[in-house]
Structure formats: structure tokens, C-alpha cells
Protein chains: 2
Amino acid sequence: MNNLGKNKKLLLAKYPNGLAELDDFITEEVEVPNIVDNELLIQSHYVGVDAALRLIVRDSDEFLFRVQPGDIIHANIAGEVIASNNKDFEVGDFVTGALGVQSLSISNGEGLEKCDPNLSPLGSWLGGFGVSGLTAYFALFDECKPQPGETILVTGAAGAVGSMAGQFAKLAGAKVIGTTSSKEKCDWLVNELGYDVAINYNDENWYEQLEAAAPDRLNIIFDNTGGSVMNEALKLIAMHGVVLLCGSTSQYYQDEMSGPSNYIWLGSMRARLQGFVIFDYAERYTDARKKISQWIDNGSLKLPEFVCDGDIEDFPSAFKKLFEGKNFGKMLLKLPAAK
Amino acid sequence: MNNLGKNKKLLLAKYPNGLAELDDFITEEVEVPNIVDNELLIQSHYVGVDAALRLIVRDSDEFLFRVQPGDIIHANIAGEVIASNNKDFEVGDFVTGALGVQSLSISNGEGLEKCDPNLSPLGSWLGGFGVSGLTAYFALFDECKPQPGETILVTGAAGAVGSMAGQFAKLAGAKVIGTTSSKEKCDWLVNELGYDVAINYNDENWYEQLEAAAPDRLNIIFDNTGGSVMNEALKLIAMHGVVLLCGSTSQYYQDEMSGPSNYIWLGSMRARLQGFVIFDYAERYTDARKKISQWIDNGSLKLPEFVCDGDIEDFPSAFKKLFEGKNFGKMLLKLPAAK
């Protein structure tokens, strides 16, 4: 036994029904074994609260990754190496990795990424400087290729990826429209992130607002939500447009997912619905981060974060808030170990 | 007045409800006016019976082309010039064009294409040698780019486009699987058109048959039908696969169309759903027809046609048969004027 105290872990208690409730999760405390050769021990500082988790806590064997009752809740964390028998990592190194919702993790180093908090604050390595920002960066610049004067719609515009994608599209010279769930978030998108137009999809006339904002139709739909907003927007796709399939947050918690019935508009408009997974771009993360750093330094880019202070047992309520649309940008659970 | 007799036209009587019924159409006979300067008169020999018609006889203003009650039924025809005041066309020329379901058409020549019946029989200029075959050709070779050893699924495999697409995919060296609606058509696909595997989607275990036939997943889904077959097949799309959106015949007659709920598989598989419209390729039709002619000449390609003999008033029953899946290949209505 070591003298590190216990590891607090969050497990799935039962499959959620609809939006995940607090009692779908359960906390467990376990002794931390000594690390053996090649292993390292990581203390979690931040846990990324990601909507995609809801997709893998489904009672379905259809998806490749899956969290079953009794399994640790999947999440990316950013933390500090506090013990190491691995030559590639030293005590004091900061890392991110898919280590799950727990305070202490043992790893053999595989899949971990070192982060330099001097380059960007540790939490941001899970958000705008991490997977969320890189997803927005490569999905937008490599797959959507926005041109000056084009019009782009970002759904879930105030979310972790959307809040970055819209800013990148502005930097590319596009007209940027975002949809989100409240007036407050609309104001934030326009005033803080520079969106040209932000639309509250809870407004009865949201589609008319979208039509009015996109007289030349939508060259790009950067879709984070799926559902009726994406489906209706398909009727406005421009000739040879791109619908980037980044996420489907409105569908993750549905018993029966629904597909976009207006997909046939892609046919007549010679448009494409494009799937995307960030991991394909791993070799170019460093280049992207250089560019992102430049934009941050010259004041043309923000890394929006919505930080919830708490401990492991507070993850379920943060996760619930995420699906209630409370977050402005990337939601992070900041653990006691974080400075 | 000229001495050509009357023109028999087919009009929409009322919007169909579900599958179009015979009494949704009405025949009208009208005098044919004399042609004026620059006009020509065409006698229809063949009428193409195309599923896409059902999409434009909907009571909806959502689609760009629309046939309303009282309008002539939209169709491509192949026929002969029988009078001409247009310097580009001579009596005896054969042409195709979107002239509608009628026995005689007056045109100013715009949008007409001359056909050489010595190159390929007149009816085939509406089918495998015409828009259907060209659609299959460019959608497959330009958008899907099948590689030797890849696996392709063609839905609606026995239809006008599907019956050509499957043959082209075989010529490209792919493994070709087709779905269709009867055992008889399955046999035809394999024995006549060289499909590797044909699956009757009315079989209870059709999906298991598909899984078994595609152990390396589906690099290409060439989709003519949409609906549940396409939706289920999405679960088998291969990494970086292409779903070519060619048609959605299962949806055209639905009050409420349904979208593919499994579209999120495109995300994890980095696949794309690609829209396509043949008219973008008009400048390359001649090149494609050269290639098609070579394959016909060396016996490696067939132009499957399902000819219904009849007159203008027989179009509705042919159209109904099309949606009942009676056709093997392109359905043509052969009019009395055809030799």
C-alpha cells in the first residue's frame, strides 16, 4: 500500500432513462495500489464534462465504446504526475488523457499527452486548447474549408466545440450564425465571441430568423446537435454545401434517435454530410496549437470555459447542467487538487 | 390548324395520397397548333417512367419543381422530329427531352438532346444510355470511386439506375451486393447482371444476409431507396466510406418522410453522405457514352429495360407498377408511334 489515500471514482449505477439523473451514478472509494515498473500515478485536476458520454452509457451494444453499470465513467482529465516509474514521465509533469472520472489514475503512459501549462492553462487543454478546440479547428479548416463571404451555421454554438468553431469561421472571413438555447447565450455569442447572428431555437420563429440571416443560403452547417434544428436548416443548405457531422447532442439521450428527414435536400443541392473524428489529426495537433496560440496572443480568439468547482461526486450534477444548456463554452469540473 | 390530329396529354387530376392511383391522373386531347418560327414538333415514341415524379406531385411547396393539379405530368420522352422551323433540327431527327407525358410536343429546341438510334436503340437513350445510365456512371466513378476489392451495396439494385450502377461497380473490380424486393429479381441481378450477392429485403433476415455478405463492411452504399434498408446498412459503412444519395424511392410517396436515424454512424466512420445531380456532368455525356458503348460491344454491360406497350393513358398503371417493384431495369412506356 502507498500513502496516497484513497482514489475516488465515479461509476455508472444504472443506464439513464432520458437525461441522466444524479442517481444513475455512484461514487466509490478504493485504495490505490503501488505503481509497478513503467507505470505512473496521476492526480486529476480537471475533468472534461462532455455530451458524448451520454451516447456510451446507453443500453445498446451498437456503439464501439460502451460504459455498463459498474464501469468507471469515461472522461478526459487533465492532471499532474505525482509518482512515476515510467522513463517518459516525471513527477510534476502535466498530462491529459482518457482516464475517467476519478481523482487518481494509474497509467502505463499510453494515450497520455503532456501539456505545458505555460503555453495555455491546464484546464484549457481539455477545452479550446484541447480536443474541443482541435475538433473545431480541423473539422472547420480541413473539412468545411470556409471561404471569405460564405455563410456558416453553427448549431450548439455556445458549446465546447461550437464556441470555437464560430470564432474560427469568423477568422476565415465567413458570416457566422449560431443557434443556442437562450437569449443570454445569444448575447454572449454575439458580444463575446463575435458571431454575426445568434438565434435562440426556443423562439417560435427561429427558422424565419435563420432564413432572414442567410439570404444566400448556408454554405456550411457545422452541426453539433442534430435534431430538428439541423433538420430544418438542411432546407437552406447551399449548392455544394457541407454539413459537418460533429455531434448529435439532441439525440444522445433519446430512446429512439431520429434522423434528418430533410436529408434529401443534400441530393438536389449536391451537398455532403461529412463524418469526422479528431483522432485522425493527432500528428498535426502541435501545428494547430501554434496557430491557436497566435490568435489568442493577438486577441482574436478566446477559449471559453465554464468551470464548475467540485469533487468527483459533483460530476453528475455538472453533466446534468450540460444537457440543460447551462454552459457557456467548455464545461470543466475543477477538482480540489487544481490550484 | 395543321393536319396532325390531336395531342394526347396526361395531366395531374389530384395530388396522390400514398402510392399514386390511376384516378390521380387524367387524359386530355387538344388540337396541335401550327409551329411558328424556330419551333419544332416532336412525336413521342417512348416515355421514361421515373420514380422521382412522385416527389414532385406532392402537395408541398418545398421542392423546386412541382406538378400541380391540371399540369402536365413531367417525364422525359424520346421521339422523332416530324416538323421543324428550327435550323438545328430536321424532320427525321431523333431527340430526347423533358417534354412531359404527351404524344406530340412543340419545342424551341432548348434542352433537347439529339440521339443516334444507330449508336443505341432509341428507348435506351432514356435508360442505360441516357440519364439513368449516365447517373449511375458519374455518381459511381466520379463520386464513389470504387476500387478493386472494395465492397459496394446498391439499394434498389434492379431499378433503372441501380441495375447500371451494379454493373459498373463490377467493371471496377468491386464486390457488388444488391437489395431488391423479390426472389425473382435477386436471381436476375446475379444471373443476368453479375451481382455477387442479391438480397430480398422482404426476407426477415435480410440484414443478417447483408452482414454475412460484407465481412469487411461497405465501402460504398449507392442508395436509390432511402428508408429502412439504407438506414440499417449505415451500421455497416466502412471507415471513410461513401453513401451516394442517388434517390429515395421509399420516401417519395410518404406523407412524412423519415431520415436515417443511424446517420451518426457516418460520424464515427469518417464517412460521407454525398448528394448528386447528373446535370452537372452534361459536358461529359459523350465521353461516358463512348465508354458505355465499348462495354456493350465487348459484352460486359447490358442496358436492362422493362418495356410496357401502351398509349398515354397507360402511363398511370405503369407508374403504379414501378412503385410495386415490377420492373427489371429501366421502365419505359412504348407508344404506338415507336417502331
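Two strands pair if DSSP finds at least two bridges between them. Strands (E, at least two residues) and helices (H or I, at least four) are DSSP runs, numbered from the N terminus. The model is predicted: local features need pLDDT of at least 70, side-chain atom pairs count only at pLDDT 80 or more, and totals for chains, interfaces and linings use all residues. Residues are numbered from 1 along each chain as its sequence is written, with chains lettered from A and ligands numbered from 1 in the order in which they are written.

**View 1. Parallel strands β9 and β10 of chain B.** Strand β9 (residues 175-180) and strand β10 (residues 197-200) pair over four bridges. B:Thr179 has B:Ile199 in β10(B) as its bridge partner. With helix α4 (residues 183-191) of chain B, β9(B) and β10(B) form a right-handed β-α-β unit. Right-handed means that, with the strands pointing away from the viewer, the path from the first strand over the helix to the second runs clockwise.

**View 2. The contact between chains A and B.** Chain B gives 25 residues and chain A gives 26 residues (C-beta atoms, placed from the backbone, within 7 Å). On the chain B side, α7 (264-268) and β13 (272-275) each give two or more residues. That side has twelve nonpolar, ten polar and three charged residues, with Gly counted as polar.

View 3. A:Gln274 is partnered with B:Arg272.

**View 4. The axis relating the copies.** In chain B, the C-alpha of B:Gly259 is nearest the axis, at 2.1 Å.

How values were computed. Contact = placed C-beta atoms within 7 Å. Least-squares fit on C-alpha atoms with pLDDT ≥ 70 in both.
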